[in-house]
Amino acid sequence: MHTKEEFIQQIKENEGIIYKVSRLYTNSAEDQKDVYQDIVYQLWKSYPSFKKNSKMSTWMYRVALNTAISNLKKEKRKGTRVSIDHVLFNKMDPVDTVMEERITLLYAHIKKLSIVEKGIILLYLEGKNYDEIAAITGFTTTNVGTRLARIKQKLKSQIKK
C-alpha cells in the first residue's frame, strides 16, 4: 500500500533526480519548473503501480526521463521560444567558481547531444553503473557501454573546439 506521505517522502529524498533531469531537458527556469511539475505529476499517477521490483531511484529516473523527453517532443512541435530567464537565473547566483564554469560548459555541451544521449550521460554522471543505466533506459548493458564510449568521445571533441 502506497500512501501520500510515503510518496512525499520519496519525492523529498530523490528530488535531485527530478531537478537534474528537468534542468537537462529545458533551456529556461520557467520551462524547468514546468517539467519538474510534470515529472512529479507523472510520478504521482504512476506511484500506485510501482511494485518495488527495482530501486525507487531507478523507477524515478525512468519516469522522469520519459516525461522530460515527452515534454521536449511536445515543445519542438510548438516551435522555438527565446527566454532571458536562464541568463537572469544564473546571474542571481553570485557563486562563480572555476568548477561552476566547468559544470556550465559541460551542461552546455550535453544539451547539444541527442535526447537519448543526454539521458545516458546524465545517469552516468550520477554514478549509475552500466547495469543500472540499462535497467532505466531499456538498453542492454553492452549497448550502454558502447553508447557511453561514443558520447564521451563526442563530448571530448566538442569541448576541445
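Predicted model: local features only at pLDDT ≥ 70, side-chain atom pairs only at ≥ 80, totals over all residues.

**Entry 1: aromatic rings.** I began with the ring pairs and counted four aromatic pairs. I looked at phenylalanine 7 and tryptophan 44, whose ring centres are 4.9 Å apart. Their planes stand at 65°, so I wrote this pair down as edge-to-face. The two residues are 37 residues apart, with phenylalanine 7 in helix 1 (residues 4-24) and tryptophan 44 in helix 2 (residues 29-46). Phenylalanine 7 has 7% relative accessibility and is buried. Tryptophan 44 has 40%, so it counts as partly exposed.

Next I took tyrosine 47 and tryptophan 59, with ring centres 6.2 Å apart and planes at 50°, so this pair is tilted. Tyrosine 47 lies in the loop between helix 2 and helix 3 (56-78), and tryptophan 59 lies in helix 3, so the pair ties together parts 12 residues apart in sequence. Tyrosine 47 is buried at 3% relative accessible area, and tryptophan 59 is buried too, at 13%.

Which residues do the ring pairs link into a cluster? I found Phe7, Trp44, Tyr47, Phe50 and Trp59 in it.

**Entry 2: charges over rings.** I then checked for charged ends above ring faces. Arginine 23 lies over the face of tyrosine 107, 4.1 Å from the ring centre. Arginine 147 has its charged end over the ring of phenylalanine 139, at 4.0 Å from the centre.

**Entry 3: the nonpolar core.** How many residues does the largest nonpolar core have? I read off 37 residues, and those with the most contacts inside the core are Val21, Tyr25, Leu43, Trp59 and Met60. Helices 1, 2, 3, 5, 6, 7 and 8 each supply at least two residues of this core. Helix 3 gives the most, with 10 residues.

Neighbours within four places in sequence aside, methionine 60 is in contact with Gln10, Ile11, Asn14, Ile17, Ile18 and Leu43.

Serine 57 is also in helix 3. Serine 57 is buried, at 14% relative accessible area. Not counting residues up to four places away in sequence, serine 57 touches Asn14, Ile17 and Lys128.

**Entry 4: helix 6.** Is helix 6 (residues 115-125) largely enclosed or open? Eight of its 11 residues are buried, so I noted helix 6 as largely enclosed by the rest of the structure. Among the buried ones are Ile115, Gly119, Ile120 and Leu122. The cover over the buried residues includes helix 1, helix 3, helix 5 (98-110), helix 7 (130-137) and helix 8 (141-160).

Leucine 155 sits in helix 8 and is buried at 7% relative accessibility. Leaving aside neighbours within four places in sequence, leucine 155 is in contact with Leu106, His109, Ile110, Leu113 and Ile121. The C-alpha atoms of leucine 155 and histidine 109 are separated by 6.7 Å, though these residues are 46 residues apart along the chain.

**Entry 5: salt bridges.** My search of the whole structure gave three salt bridges. In one of them, glutamate 126 meets lysine 20 at 2.8 Å, N to O. Glutamate 126 is in the loop between helix 6 and helix 7 and lysine 20 is in helix 1, 106 residues apart. Both count as partly exposed, glutamate 126 at 28% and lysine 20 at 26%.

Glutamate 132 forms a salt bridge with lysine 55, the closest N and O atoms being 3.0 Å apart. Glutamate 132 belongs to helix 7 and lysine 55 to the loop between helix 2 and helix 3, so this pair ties together parts 77 residues apart in sequence.

Lysine 154 and glutamate 117 also meet in a salt bridge, at 3.0 Å, N to O. Lysine 154 lies in helix 8 and glutamate 117 in helix 6, so parts 37 residues apart in sequence are tied together. Lysine 154 is partly exposed at 33%, whereas glutamate 117 is buried at 16%.

**Entry 6: backbone angles.** Most residues other than glycine have a negative phi. Lysine 52 has a positive phi, near 60°. I placed lysine 52 in the loop between helix 2 and helix 3, and found it exposed at 56% relative accessibility. Glycine 127, which follows helix 6, has a positive phi near 90°.

Conventions
Residues numbered from 1 in each chain as written. Heavy atoms only, no water. Phe/Tyr/Trp six-rings, centres within 6.5 Å; stacked < 30°, edge-to-face > 60°. Helix = DSSP H or I, 4+ residues; strand = E, 2+ residues; numbered from the N terminus. Buried < 20%, exposed > 50% of the residue type's maximum accessible area, 1.4 Å probe, protein only. Lys NZ or Arg CZ within 6 Å of the ring centre and 35° of its normal. Contact = heavy atoms within 4.5 Å. Core = buried A, V, L, I, M, F, W, Y, C linked by side-chain atoms within 4.5 Å. Salt bridge = Lys/Arg side-chain N within 4 Å of Asp/Glu carboxyl O.
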